[in-house]
Amino acid sequence: MRVVVADDHALVRSGITGLLEAGDVEVVGEAADGVEAVEVALRLRPDVVVMDVRMPRLDGIEATRRLRREPGGPQVLVLTTFDLDEYVFRALEAGAAGFLLKDAPPGRLVDAVRTVADGDALLAPAVTRRLVERHLRAPAPATGPDPAADLSPREREVWLLVAQGLSNAEIAGTLVVTEATVKAHVTRLLAKLGVRDRVQAVVRAYETGLVRPGRAG
């Protein structure tokens with residue numbers, strides 16, 4: 001897994017790079033602004049770009065949009081100090097696969113990078129709740145076949161933990177199983193629910209009443 005780190009503060013870039021490398025993640029390049037982030041990512045073709053939001057010349061959201069338009073473009077994990085809905089929704093709209101706050105524990109950053117590199121979406125738990133609550137002010141009663149009807153008890157349990165915003169590593173720790181086992185459960189869960197990624201699985205959890213706004217953990 002190859003990563004580019006984009007942040008306009010040299011010390012922050014260095015810190016993020018150090019955390020990732022300590023977690024056996026290869027950082028192949030760095031960028032100090034959005035324009036450089038796009039140029040470096042297109043040149044080095046990393047798997048993931050860890051992208052700050054507020055940067056000179058071009059902000060991280062527009063940089064994300066440009067990278068995601070490229071065929072085979074990298075996944076983007078937005079990492080910021082600004083816990084604001086404006087950034088969350090604009091970043092997701094631009095194609096970001098994950099959104100994490102800079103005050104997250106170091107291990108969660110490494111796990112988030114691995115998660116988005118695997119093609120999964122990942123959001124900070126508080127971000128997940130607000131994302132869904134914005135679109136589902138009052139969940140309507142489910143209609144049609146119950147999407148959980150074909151789920152095994154363990155798959156339903158995993159769905160609930162995904163809806164709470166937990167990563168694969170955190171779910172593995174909660175259920176005392178391996179991450180590979182969790183990933184297999186999540187893959188089957190998404191297929192049975194007929195959704196594309198974890199974010200859509202969270203929305204379905206709210207739609208069906210599995211969890212309710214303000215009670216996702």
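Hi everyone. Let me start with a term: a nonpolar core is a set of buried Ala, Val, Leu, Ile, Met, Phe, Trp, Tyr and Cys residues joined through side-chain atoms within 4.5 Å. Please keep in mind that what we have here is a predicted model.

The largest such core has 25 residues, and the ones with the most contacts inside it are M51, L67, V78 and F99. Who supplies it? At least two residues each come from β1 (2–6), α2 (34–44), β3 (48–51), α3 (60–69), β4 (75–80), α4 (85–94) and β5 (98–101). The largest share, 5 residues, belongs to α4.

Let's stop at M51. Leaving aside neighbours within four places in sequence, M51 is in contact with A6, A37, G60, A63, T64, L67, V76, L77, V78 and L79. Apart from this core lies another one, of 22 residues, including A148, A163, L166 and L193.

Now to helix α8, residues 168–175. Which of its residues are buried? They are N168, I171, A172 and L175. Looking down the axis of α8, you see these buried residues within an arc of 100°, so they line one face of the helix. As a reminder, an α-helix has 3.6 residues a turn, so residues three or four places apart point the same way. The buried residues of α8 pack against α5 (106–117), α7 (153–163), α9 (179–193) and α10 (198–207). After α8 comes V176, with a positive phi near 55°.

D24, between α1 (10–22) and β2 (26–31), has a positive phi near 65° without being a glycine, and D24 is exposed. R45, in the loop between α2 and β3, is not a glycine either, yet its phi is positive, about 50°. R45 is partly exposed, at 44% relative accessible area.

Terms used: Residues are numbered from 1 along each chain as its sequence is written. This is a predicted model: local features need pLDDT of at least 70, side-chain atom pairs count only at pLDDT 80 or more; totals for chains, interfaces and linings use all residues. Side-chain values use heavy atoms; hydrogens and water are left out. Buried means under 20% relative accessible area, exposed over 50%, partly exposed in between (1.4 Å probe, protein chains only). Helices (H or I, at least four residues) and strands (E, at least two) are DSSP runs, numbered from the N terminus. The arc is that of the directions from the helix axis to the C-beta atoms. Contact means heavy atoms within 4.5 Å.
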